[in-house]
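This report goes through a structure by its confidence scores, its strands, a helix pair and the contact between its chains.

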Amino acid sequence: MADNQSTKPPLLEVNNLYTHFDTPRGIAHAVDGVSFTLERGRTLGIVGESGSGKSVLSRTIIDILAKDGSVLYDGEILFEGRDLRSLPEKEMREIRGREIAMVFQDPMSSLNPVKKIGKQITEVLTKRLGMTKKAANLRAAELIDSVGIPDAEQQLGRFPMHLSGGMRQRVAIAIAMACEPKLLIADEPTTALDVTIQAQILDLLREQQRERNMSVILITHNLGIVSGYTDDVAVMYAGQIVERCATDELVSHPRMPYTEALLNAAPVLADPPHTRLNAIPGLPPNLLNVPDGCRFNARCPYVQENCKTEMPTLTADANSDHSFACWHPLQNEMANGGASA
Amino acid sequence: MTDNTLLEVEDITVEYVTQGHRFAAISGVTLDIAEGETVGLVGESGCGKSTTARAIIQLPTPTAGKVRFEGQELTELSHAEMRPIRQRLQIIFQDPVSSLNPRRRVKDIIAEPLIISGMKDKAEIDRKVREVLNAVGMDPDITMDRRPHQFSGGQCQRICIARALIMEPKLIVCDEPVSALDVSVQAQILNLLEDMKERYGLTLLFISHDLAVVKNISDRVAVMYLGKFCELADSARIYEAPAHPYTAGLMATFPEIGDKVTNSGPALTGEIPSPLNPPSGCRFRTRCPQAEEKCAAEEPEFREIEPGHLVACHFPLVGE
């Protein structure tokens, strides 16, 4: 895929990854055979509806799921060529936070409510980077300033409850940036925020990404956000990646019928009031009991016999990086017209 | 106001007391809704959308102002007098799962309003429950004996809509009814609301923070900021020519599929001020890109700049 593969491995390469939950009601196939590559300095959007496995995928990458044996894994996660799944917890701890950082949806519950903001940032700097207290304080003020929080010095003495949701998310980003990570995973970072604040936070993330040449995985259910803020995109459905390509290509020429349906289901500002929406009939499959064949087959308008029995694999189109998992993909030139092959 | 006005909201204020401070969650809200109309209410968290909706259904009664429904003044009614009117004035909420009692069966949940209103005929209750379940696209034979946890969020919202419909209301207040749903399910529920509106002759007050959703379902749209209306116009018009800088800013920051975000930075900087201590003059001036001295000194009047298009701004983006 990448031309520098011979010299340097990609920043992140996920190969045939499975994350299954052993529940009292059976095995939940949360992530089911996912593979993708992320190059340095790129932003990958992972988009899907609730329960599609996007958050479980990110939590598997940084290894923060329950360690009581109820989570079953298979596959490889290669970070700069090292397989994270085979690393002992001690080494993984060095990577988590320092090389791969994460920002979560709810900034209130990802910050410690009884510790001052400043302490939460300097803690990372002194413990992870071995900075002195004095240096850490200066650096914390710099970080706070770089994420656009006014009166940095004064803010360090405040508690999370004193800040608005947008400001808390800025603090969470400052903490994530403290160790200059190579990869930032942002899991629905703006879902809890208002639309004007959402734009501010997404702009901030992109600015940080460009300044630091960081790679970003942006997880969201919002195709509008994916469209504006990512280079490449992977669409997840029922635990699998069903389409992956450059973001512009996905928006203009989706090949997988699910992607097309998702793009068409959202109301559009340009349409007149009372425009009938193209709802996707039915519900996503139950992950405890996934259907045979293509997992979208029960809701797909173009379904044919083989879709119900044979599972399509994610395959790249000839001469392009556009991959999709579909037996009867939409034609490239008439993709938005809704015709099938 | 015209002959077919169903709801008249006149200059209502809702005040709360918190930490010894009295503050107005909404103030000076005036709105007429005609029969068969859908009015959308859009704004960011804390702007007073839900407070407005609740004041209309008298939960609680507004601190000041009038609410007339079908010509009847509601603010002066006692709880007992209000009860029969509530049947015609229903509400559905954002989180469908938590607004259904998890321990009761779907048929009991939907039948409850009928029973409270005094209906005793079991066969008639059963017939009505089946009818509304069919109307919202649920198979009564499969759903009636199940409990809410056996359904998805979208299905629970259908059950909530069925419960609201069973009293044959005139007006349904929809408070963020699709915000907790995935986009594919959101489209199903929005289409369903349009169908139900036609079938039952409903009038809707639809609250959402999602601009595209509000535009899709509404005939007219009101934009709220910090407890006050800042703009009200026909849905198509407000999106084509927003007159208030806040409306324009909301639209500029709304992420749409196919938009490539430019590097000019967000159209709206800063955060929403505290409603405990709102800015002087125009409440939006602290974030407004074109605020002038007058905006701090004088509160702009909510006035008509073209037929049916009202805006509270000294310097509207659309000429008078």
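The sections below take these topics in turn.

## Model and confidence

This is a predicted model, in which local features need pLDDT of at least 70, side-chain atom pairs count only at pLDDT 80 or more, and totals for chains, interfaces and linings use all residues. Residues are numbered from 1 along each chain as its sequence is written, while chains are lettered from A and ligands numbered from 1 in the order in which they are written.

The model has an ipTM of 0.87 and a pTM of 0.89.

## Strands of chain A

Helices (H or I, at least four residues) and strands (E, at least two) are DSSP runs, numbered from the N terminus. Two strands pair if DSSP finds at least two bridges between them.

In chain A, strand β1 (residues 12–23) runs antiparallel to strand β4 (residues 71–79), and 8 bridges join them. A:Tyr18 has A:Asp74 in β4(A) as its bridge partner. β4(A) is also joined, by 2 bridges, to the antiparallel strand β5 (residues 82–83) of chain A. Here A:Phe79 is bridged to A:Arg82 in β5(A). The hairpin of β4(A) and β5(A) has 2 residues between the strands, and A:Glu80 takes a positive phi near 50°.

## Sheet of chain B

Chain B has an open sheet of 4 strands in the order β2-β1-β4-β5, with antiparallel pairing. Strand β4 (residues 64–69) of chain B is linked to β5(B) by 2 bridges, and B:Arg68 stands opposite B:Glu73 in β5(B).

## Helix pair in chain A

Helix α7 (residues 165–177) and helix α8 (residues 195–212) of chain A pack at about 15°, with axes 10 Å apart. Axes are lines fitted to C-alpha atoms, for helices over the stretch in contact, and angles run from 0 to 180 degrees between N-to-C directions. α7(A) and α8(A) are therefore roughly parallel (an angle under 35 degrees).

The residues in contact (C-beta atoms, placed from the backbone, within 7 Å) include A:Ile173 of α7(A) and A:Leu204 of α8(A).

## Contact between the chains

In the contact between the chains, 38 residues of chain A meet 37 residues of chain B. On the chain A side, α8, α9 (223–229) and α11 (257–265) each supply at least two residues.

Note on methods: Parallel < 35°, antiparallel > 145°, perpendicular 65-115°, else oblique. Contact = placed C-beta atoms within 7 Å.
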